[in-house]
Amino acid sequence: MSSDPASPPTSSPQAADDIPSSVWTDLSGFTVGDYSPGRSRVVQLLWYYTSLVLFESSWFPFVGPKVWLLRCFGAQIGDGVVIKPNVRIKFPWRLTVGDHCWIGQEAWIDNIAAVEIGNHVCVSQGAYFCTGNHDHRRRHF
């Protein structure tokens, strides 16, 4: 057994019951519950390939078509938004971007839950936004 109280147990599974839930997470009981990505698998697949080819690549630098495509997939995008190359957006239908925002190169918006970016915001290159909808206090995540 590890001497570090914050580390998970390294011995038998029975020892796991002796560890306070605030110290150890047990992912064996994780379920997605009633979570839904918010669109059909067909739309998710269509977005995946659109994103891969036109957003995550560096060969398509054109901002206007990117904004238009995001709106087609349900994003609420304000005026004057600039989206640099190599940007990853998990679910555009859960994204709201205000007016005159810049999303920098290689930014990743991992929006399993809604993300709202206000007006006149610059998301720096390489930034990572991570959302979730689980109760972080639950032992099973």
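Biologist: Let's start with a histidine: where is H120 found?
Modeller: H120 is in the loop between strand 7 and strand 8. Strands here are DSSP runs of E with at least two residues, helices are runs of H or I with at least four, and both are numbered from the N terminus. This is a predicted model, in which local features need pLDDT of at least 70 and side-chain atom pairs count only at pLDDT 80 or more, while totals for chains, interfaces and linings use all residues. Residues are numbered from 1 along each chain as its sequence is written, and side-chain values use heavy atoms, with hydrogens and water left out.

Biologist: Why is H120 called exposed?
Modeller: Its relative accessible area is 60%. Exposed means over 50%, buried means under 20%, and partly exposed is in between (1.4 Å probe, protein chains only), so H120 goes into the exposed class.

Biologist: And what is the phi of H120?
Modeller: Near 55 degrees, which is a positive value in a residue other than glycine. H100 also has a positive phi, about 55 degrees, and is not a glycine either. H100 belongs to the loop between strand 4 and strand 5. With 43% relative accessibility, H100 counts as partly exposed.

Biologist: On to charges. What makes R88 and E56 a salt bridge?
Modeller: The term asks for a side-chain nitrogen of Lys or Arg within 4 Å of a carboxyl oxygen of Asp or Glu. For R88 and E56, the N to O distance is 3.5 Å, so the pair qualifies. R88 is in strand 3 (residues 88-89) and E56 in the loop between helix 1 (41-55) and helix 2 (63-72), 32 residues apart. Both ends are partly exposed: R88 has a relative accessible area of 36% and E56 one of 24%.

Biologist: How many salt bridges does the structure hold?
Modeller: There are 2. K90 and D110 also meet in one, at 4.0 Å from N to O. K90 lies in the loop between strand 3 and strand 4 (95-97) and D110 in strand 6 (residues 108-110), so parts that are 20 residues apart in sequence get tied together. K90, at 36%, counts as partly exposed, whereas D110 is buried at 9%.

Biologist: Which ring does the charged end of R88 sit over?
Modeller: That would be W108, with 3.9 Å to the ring centre. The rule wants NZ of Lys or CZ of Arg within 6 Å of the ring centre and within 35 degrees of the ring normal.

Biologist: Why are Y48 and Y49 called an edge-to-face pair and not a stacked one?
Modeller: Rings of Phe, Tyr and Trp (its six-membered ring) pair if their centres lie within 6.5 Å; planes under 30 degrees apart count as stacked, over 60 as edge-to-face and the rest as tilted. Y48 and Y49 have centres 5.0 Å apart and planes at 85 degrees, so edge-to-face it is. F91 and W93, at 5.2 Å and 25 degrees, come out as stacked. F91 is buried at 9%, and so is W93 at 11%. The whole structure has 7 aromatic pairs, and W47, F55 and F73 form one aromatic cluster.

Biologist: How do you know that S51 is buried or exposed?
Modeller: S51 has 1% relative accessibility, so it counts as buried. This serine lies in helix 1. Leaving out residues up to four places away in sequence, S51 touches E56 and I89 (contact means heavy atoms within 4.5 Å).

Biologist: Last topic, the sheets. What makes strand 5 and strand 8 a pair?
Modeller: Two strands pair if DSSP finds at least two bridges between them. Strand 5 (residues 102-103) and strand 8 have 2 bridges in the parallel sense, so they pass. I103 stands opposite V123 in strand 8. The open sheet has 3 strands in the order 2-5-8.

Biologist: Why are strand 2 (82-83) and strand 8 (122-123) called edge strands?
Modeller: Each of them pairs on one side only. Another open sheet of 3 strands has the order 1-4-7, with parallel pairing, and its edge strands are strand 1 (76-77) and strand 7 (115-117). Strand 1 and strand 4 are joined by 2 bridges, and I77 has V97 as its bridge partner in strand 4.
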